[in-house]
Amino acid sequence: MIKTYLYNAQADQVLHDIELGQTDQWLSHPDNLLWIDLYDYNAKEVNYIGQVFDFHPLAIEDVLHGSPRPKVDRYDRYYFFVFHALRYDEESDDELTLFDLHVFLGENYIVTLHRNALPAVGRVAYHCLRGPKFMNRGPDYLLYAIVDGIIDEYFPIVDRLGVRIDELEDELYINPARETTDEILALKRTLLLLRKAILPQKRIFSNINGRYSFEVREDNRPYYLDLVDHMERITDTIDTYRDLVNSAMDTYFSIISNKTNEIMRVLTIMSTIFMPLTVITGAFGMNVPIPFQEDKFMFYLIWVSMLLLSVAMIYWFKRKKWV
């Protein structure tokens, strides 16, 4: 599905669903801006757009086969970006799902390609249909509006992870169970994937005049600085959460280890108490003549002796603060 949006600078209005055969005519005016959005695309549509704008075959290959990490590549007349949008589903095995957004940014055009519906792109398209709010400030501002929507979707995910970490810390001291380990590992995996998605994107915008960045108009530069600030907040929060999860894992293992030591201590004391009793019963249970064997009170005397010995040993353990 190919959607087109054209900002006509002379009329100060946005047209949509225009014919791509007139692309050269529309782009001839430097103040015009053409946005082409491909959703749930196929190879034929991508190759067609690549022919219209003469995109490099390597960039087309990245679009068709996906890219493992966000990046920006610079070509002669345009920039090629890869961004990652996220979808969070706490009930699924893979809590975070990455969706690629490929962007070609030219002097007065922008092409976005995504296989899945992205709310950030949909919101910008909604406003573009109703006015030139996002398209009358240049392609770099339109790119900012889309990426800012993607980054804003990260914040609810980060907030939810913070709530889960708080619940995990409470559970550690109240009722640590086997499921606690699964929750810790799930949080570590989700935080790692979130960090893997946000860090490369932060590098793209961290220095808008750097070697691997792109040109940004002076009046649009504050927006990108604000975008970098948002990503800095997310990365700092992720690092803090990662430390908290690691600390929670150490605490969990310490609690389990202490419980195991306590159980072993009790079992050791019980074994120590029963060792002399076993010797006594074993001695009197031998099939050889034993003194006082015929005495009818000997049975009770043996039991009283073992009871007194057990009490004396428990008293001694408590005095040594072993129990």
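Is Val266 buried, partly exposed or exposed? In this predicted model, Val266 is partly exposed, because its relative accessible area of 39% falls between the 20% below which a residue counts as buried and the 50% above which it counts as exposed.

## A nonpolar patch on the surface

Val266 has its place in helix α8, which covers residues 221-284. Together with Ile263, Met264, Leu267, Met270 and Phe274, Val266 forms a nonpolar patch on the surface, and the accessible area of these residues together is about 570 Å².

Within α9, the residues Met298, Ile302, Met306, Ser310, Met313 and Phe317 are buried. Seen down the axis of α9, its buried residues fall within an arc of 120 degrees, and they therefore line one face of the helix.

What do the buried residues of α9 pack against? Their packing is against α8, the helix in which Val266 is also placed. On the face of α9 turned away from the buried side are the exposed residues Tyr300, Leu307, Leu308, Tyr315, Lys318 and Arg319. After α9 comes Lys321, whose phi is positive, near 60 degrees.

## Helix α6

Helix α6, made of the 21 residues 154-174, reaches 31 Å from its first C-alpha to its last, a distance close to the 30 Å expected at 1.5 Å a residue.

## Positive phi in two loops

Most residues other than glycine have a negative phi. Asp40, which lies in the loop between β3 (33-39) and α2 (43-53), has instead a positive phi, near 50 degrees.

A further positive value belongs to Asp54, whose phi is near 60 degrees, and this residue lies in the loop between α2 and α3 (57-65). Is Asp54 buried or exposed? Asp54 is exposed, because its relative accessible area is 52% and the class of exposed residues begins over 50%.

Definitions and conventions: Residues are numbered from 1 along each chain as its sequence is written. This is a predicted model: local features need pLDDT of at least 70, side-chain atom pairs count only at pLDDT 80 or more; totals for chains, interfaces and linings use all residues. Side-chain values use heavy atoms; hydrogens and water are left out. Patches are made of residues with over 30% relative accessible area and no salt bridge: like charges are joined within 9 Å, nonpolar side chains (Val, Leu, Ile, Met, Phe, Trp, Tyr) within 5 Å. Accessible areas come from the Shrake-Rupley method with a 1.4 Å probe; for residues, only the protein chains shown count as cover. A salt bridge is a side-chain nitrogen of Lys or Arg within 4 Å of a carboxyl oxygen of Asp or Glu. Helices (H or I, at least four residues) and strands (E, at least two) are DSSP runs, numbered from the N terminus. Buried means under 20% relative accessible area, exposed over 50%, partly exposed in between (1.4 Å probe, protein chains only). The arc is that of the directions from the helix axis to the C-beta atoms. Contact means heavy atoms within 4.5 Å. The expected span of a helix is 1.5 Å times one less than its number of residues.
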